[in-house]
Amino acid sequence: MIKRLAPLFMLLVALFAPVAATAQSGGSLSDTYSGEDLVTAGGEFFGSAAQGLASVVERAVSQMGLPNGYILGEEGGGALFAGARYGEGRLYTRNAGEMPVFWQGPSVGLDIGGAGSKVMMLVYNLSTVQDVFGRFPGVDGSAYIVGGFGMTVIKDRNVVMVPIRSGVGARLGINVGYLKFTPEPTWNPF
């Protein structure tokens, strides 16, 4: 079964590979955060779980460049082939301050399990803080029993986000879905 899905997975990866190139262009909220700024903010947020954060942030910054915003928050979700994820946090920018954000989204794929996570999302190409609200499609793969850090890339229009998660739970699989960011919480993942 997994061998038959390998071509589908490769196609999905190929579709989302160009996302890395678009993150470098920057937005009009131009003041960016250095890797050191991000590790400091994330380290304070993740606390004792932050041991692997520096290497994941370093990898994201080396591949995508410096973000002009970031989100710190928490999320929970689960799946039995079809799933949903819900989260809430705060968007931080140097030029426009901070604001609350909420996200939710469906997924479908070979994905089983549930998890709760602390999340740091690096945000690229924000022209205005309103650009964060929308549907950000992506591919996600998870394989953990207790926890660890993971990184994915999602994109809507020109805005690119890199969620870095430190989760606790049991989850295994790969899925396709999106996260819908809103200014208010909602239970509707669509």
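What follows is a chat about a predicted model of one protein chain.

Visitor: Hi! What helices and strands are there in the chain?
Guide: Hello! This is a predicted model, and its chain has four helices and six strands. Starting at the N terminus, the elements run α-α-α-α-β-β-β-β-β-β.

Visitor: Thanks. How much of the chain is buried residues?
Guide: Of the 190 residues in the chain, 44% are buried. The chain exposes about 9,200 Å², and 63% of that is supplied by carbon and sulfur atoms.

Visitor: And what share of the contacts is between residues 24 or more positions apart?
Guide: If you take the contacts with a separation of 6 or more, 74% are between residues 24 or more positions apart.

Visitor: Let's look at the strands. In what sense do β1 and β2 pair?
Guide: They pair in the antiparallel sense, over 24 bridges. Strand β1 covers residues 69–93, and β2 covers residues 97–124. If you want a spot to look at, Tyr 70 stands opposite Leu 122 in β2.

Visitor: What joins β1 to β2?
Guide: A hairpin does that, through three residues.

Visitor: Which bridges does β2 make with β6?
Guide: There are 21 bridges between β2 and β6 (residues 159–182), again in the antiparallel sense.

Visitor: What does Ser 107 touch?
Guide: Leaving out residues up to four places away in sequence, Ser 107 touches Phe 81, Ala 82, Gly 83, Ala 84, Arg 171, Asn 175, Val 176 and Gly 177.

Visitor: Arg 171, okay. What does its side chain meet in a salt bridge?
Guide: The side chain of Asp 111, with 2.7 Å from N to O. This pair links distant parts of the chain, since Arg 171 is in strand β6 and Asp 111 in strand β2, 60 residues apart. Both Arg 171 and Asp 111 are buried.

Visitor: Remind me why side chains like that can pair?
Guide: Side chains of opposite charge can pair when their charged atoms come close.

Visitor: How many salt bridges does the structure hold?
Guide: Seven. Among them is the one between Asp 37 and Arg 94, where the closest N and O atoms are 2.4 Å apart. Asp 37 lies in helix α3 and Arg 94 in the loop between β1 and β2, so this pair ties together parts that are 57 residues apart in sequence.

Visitor: How exposed are those two?
Guide: Asp 37 is partly exposed, with a relative accessible area of 30%. Arg 94 is partly exposed too, at 42%.

Visitor: What about Arg 157?
Guide: The side chains of Arg 157 and Asp 156 meet in a salt bridge, 2.7 Å from N to O. Asp 156 counts as buried, with 13% relative accessibility. There is also a network in which salt bridges with shared partners join Glu 75, Arg 85, Asp 140 and Arg 165.

Visitor: New topic: the largest nonpolar core. Which residues touch the most other members?
Guide: This core has 19 residues, and those touching the most other members are Leu 38, Val 57, Tyr 70, Met 120, Leu 122, Val 162 and Ile 164. Two or more residues each come from α3 (35–46), α4 (53–64), β1, β2 and β6. The largest share, six residues, comes from α4.

Visitor: What is Val 57 in contact with?
Guide: Apart from its neighbours within four places in sequence, Val 57 is in contact with Gly 35, Leu 38, Val 39, Met 120 and Ile 164. A second, separate core of 18 residues includes Val 101, Val 123, Val 132 and Phe 181.

Visitor: Back to α4 for a moment. Is Ser 62 buried or exposed?
Guide: Ser 62, found in helix α4, is exposed because its relative accessible area is 58%, and the cut-off for exposed is over 50%. From Ser 62 to Gly 35 is 9.2 Å in space, C-alpha to C-alpha, though they are 27 residues apart in sequence.

Visitor: Last one: which residues make the nonpolar surface patch of about 310 Å²?
Guide: Leu 80, Phe 81 and Ile 112 make that patch. Leu 80 is found in strand β1 and counts as exposed, at 58% relative accessibility.

How values were computed. Residues are numbered from 1 along each chain as its sequence is written. This is a predicted model: local features need pLDDT of at least 70, side-chain atom pairs count only at pLDDT 80 or more; totals for chains, interfaces and linings use all residues. Side-chain values use heavy atoms; hydrogens and water are left out. Contact means heavy atoms within 4.5 Å. Two strands pair if DSSP finds at least two bridges between them. Patches are made of residues with over 30% relative accessible area and no salt bridge: like charges are joined within 9 Å, nonpolar side chains (Val, Leu, Ile, Met, Phe, Trp, Tyr) within 5 Å. Accessible areas come from the Shrake-Rupley method with a 1.4 Å probe; for residues, only the protein chains shown count as cover. A salt bridge is a side-chain nitrogen of Lys or Arg within 4 Å of a carboxyl oxygen of Asp or Glu. Buried means under 20% relative accessible area, exposed over 50%, partly exposed in between (1.4 Å probe, protein chains only). A nonpolar core is a set of buried Ala, Val, Leu, Ile, Met, Phe, Trp, Tyr and Cys residues joined through side-chain atoms within 4.5 Å.
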